Protein chains: 2
Amino acid sequence: MIDWSMPAHERAALVTGVGRSPDSEGDVQEALARALWSILVEPGDGDAGLLLGAVGAIEAARLLLEEPVPRRLVEATQGEVADTRAKAAIARWLPRRRHDDLVRALRSAQRVGATLVVPGDLDWPASLDDLGPHAPVALWVRGDPALLRRDGIAVVGARAATGYGEHVAMELAAGLVQRDLAVVSGGAYGIDGMAHRAALASSGDTVAVLAGGVDRFYPTGHDGLLTRIAQQGAVVAEAPCGTAPTRWRFLERNRVIAALAGATVVVEAGRRSGALSTARAALKLGRPVGVVPGPVTSAASAGCHAFLREQHAECVTSAAEAAALLPSTRAAVLEELDAVEVGAGSSHWDPDGLRTRVLDALRPRREQSVDELARAVGESAARIRSALGALALDDRAEARDRGWVRRAAPVG
Amino acid sequence: MIDWSMPAHERAALVTGVGRSPDSEGDVQEALARALWSILVEPGDGDAGLLLGAVGAIEAARLLLEEPVPRRLVEATQGEVADTRAKAAIARWLPRRRHDDLVRALRSAQRVGATLVVPGDLDWPASLDDLGPHAPVALWVRGDPALLRRDGIAVVGARAATGYGEHVAMELAAGLVQRDLAVVSGGAYGIDGMAHRAALASSGDTVAVLAGGVDRFYPTGHDGLLTRIAQQGAVVAEAPCGTAPTRWRFLERNRVIAALAGATVVVEAGRRSGALSTARAALKLGRPVGVVPGPVTSAASAGCHAFLREQHAECVTSAAEAAALLPSTRAAVLEELDAVEVGAGSSHWDPDGLRTRVLDALRPRREQSVDELARAVGESAARIRSALGALALDDRAEARDRGWVRRAAPVG
């Protein structure tokens, strides 16, 4: 049972310890209530989201802490969901009502310098509100919480990445950072890690969203990387400190990645890769999804290709194309892409291909008359003459004594 | 000037020489007129198509061969297209009215054993009618003309293919042949050649569509391959014998590949690859187009990816997926694909992930009570008990003296 009646200065100390400057007793209570709810629920608990939305975190916590559970809580929860579901929700929250756990989570957060961010805070990312009642009840952040509100793109993919996938992840992340976009990912081995690393290497902003608490980095092999992200970027989790990552929490973590980022790009993913669940979560939120193709012979790309076949995703082959997924940068990036296209080989307007056909018929040395060319090309002499004129202007054809010859294509 | 008044037996001999058994003088004339028109026009000449559709090939040829050009021809052509366009069309056909060319084309065809196939013949592929006035006026075929009417898929791609692309082309073609589909391609180096070769190796049907005449195989390096296709499959061209391939004819040839095949798959294509023009032609005809992805770092796949981004094409990674492009085989193939999917790892219905979460919380050796699990999972004891029951039935959880443990996943 949580000791909700602990002295005011003790409660305030717990809250200031996690990077908050409460202006009032209400601020303190809201922070504590949110911290409590982040312990009570598993990530993505929509029933909790509905209850907190209806009566507020403080009132919801107060009701849940009474013994026996007051009729009012059942009613408040019932107000949002069906009767049996309300009772089931309360039944699953009750086993976690433990004062020690709340204090321990807050102290652990304080020890690692984590900040508690709750809805209504300046740093609370509005993008998470798109998750509706499934939004996190709070976030625990190591690093700069302001980064959560940066325009960013999620670069996610398989842990079992190939050299190809890691290379592409690196190129993508570096290119996104160059375009002043943050790189959001899951801190995992393989694609995630490479995306974070490339962003850091380019002095860009990067956000790692963890499935467990931010007090103990997972995977342990990424302790160094995640420590650097916490220093230069942000490591964030919705689960409180002390929480171990589980498969369920990994899956639910993916919805947070998808929601924080304006778009999600999957670099490599096997058929059952968790990265695809991030992509599905992004689609569900109406966020654009990009998929990087790879060799069809590579199992590490099979999930990407299946997603490309079955879902509404875009084929992405470069950082520019990834950046173009974001509505806010799309126009500028497409302009950049167009410029490349045009530069690569513009050509004069030749709607019926006549000039191409005349050029085909011309020989570099053998001089041909207009009539000969008319037969070769299958066009009237008049049109051949006009095409030859245009080609001569372009320096592609030349009139000699006994007829026309082709000139070499200009260099450059 | 063509000697249209040559003796009947000479005319009949020319026609029987190209594999035809004319039943009447009309049959002979139709064949000769079509052969003539295939010389007069460049591939895809829509004005000729409209004229022939309006007055028939025989009448159109008769009018064109009169000197001076009769008012009636201008009128007939004008009936279909605008005045200046009709005159321009006639002007471009006139330079090629040469009797010698017609006889030479027919004799060359006879020498290589080519068959002349014209609209109305049993072997004329109805699929070409989708090209409207841009359909070939006739086809010259070495090999079995009946193959032109087989259900088939075009497998096309870059000449400058990589080992990856050639491997995929081979797998695709072999798999299509296994599904009793013909493989249509352009006989070029790279992807085309590999697709033909794999089809032949699997004793399947394959059709090579050439840009020049079928009397001289192009590219010369594929002389052996095309000879084998002519023996076991079919080599076809709309241009008469004696015609050299040009860039324009390559482009127009692509529309014939697209029209003959029920669907087109591009395996590898650089940004300016001609294979993409085949894909565009297929889309224009309302035929499904598949694109095989590849490494984004490979220039040989850049055109594929761009097409996938910009056009209505499907990502294709296997022969089954290629075959599924065809409406006629789609249902059967998708069933086959589904079977593979289900076999790969079906799982019980677990809509809210409760069983996954309980499994996450269970330990192989440490026994945990239902209450402990309820706290760990964040669920009521009742629901934990029900999930444990389901997991026990699946042999994934086991009740011991002091609580529950996880069992290893079943093998297989």
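Me: What makes a residue of chain A count as buried, and what share of chain A is buried?

Reply: This is a predicted model. A residue is buried if 20 or more other C-beta atoms lie within 10 Å of its own. In chain A, 53% of the 412 residues pass that test.

Me: Why is H16(B) called roughly perpendicular to H18(B)?

Reply: Look at the angle. Helix H16 (residues 354-361) of chain B and helix H18 (residues 381-393) of chain B pack at about 85°. Angles of 65 to 115 degrees count as roughly perpendicular. The value falls in that range, so H16(B) is roughly perpendicular to H18(B). Their axes are 9 Å apart.

Me: Which residues of H16(B) make that contact, and what classes are involved?

Reply: H16(B) brings B:Leu354, B:Arg355, B:Val358 and B:Leu359. From H18(B), the partners include B:Ile384 and B:Leu388. By class, the contact has eight nonpolar, no polar and two charged residues.

Me: How do you know that chain B touches chain A?

Reply: Two residues are in contact if their C-beta atoms lie within 7 Å. By that rule, 39 residues of chain B are in contact with 39 residues of chain A. H16(B) supplies the largest share of chain B's side, four residues. That side has 17 nonpolar, ten polar and twelve charged residues.

Note on methods:
Residues are numbered from 1 along each chain as its sequence is written. Chains are lettered from A and ligands numbered from 1 in the order in which they are written. This is a predicted model: local features need pLDDT of at least 70, side-chain atom pairs count only at pLDDT 80 or more; totals for chains, interfaces and linings use all residues. Axes are lines fitted to C-alpha atoms, for helices over the stretch in contact, and angles run from 0 to 180 degrees between N-to-C directions. Helices (H or I, at least four residues) and strands (E, at least two) are DSSP runs, numbered from the N terminus. Angles under 35 degrees count as roughly parallel, over 145 as roughly antiparallel, 65 to 115 as roughly perpendicular and the rest as oblique. Ala, Val, Leu, Ile, Met, Phe, Trp, Tyr, Cys and Pro count as nonpolar, Asp, Glu, Lys and Arg as charged, and the others, Gly among them, as polar. A residue is buried if 20 or more other C-beta atoms lie within 10 Å of its own, exposed if 12 or fewer, and partly exposed in between; C-beta atoms are placed from the backbone.
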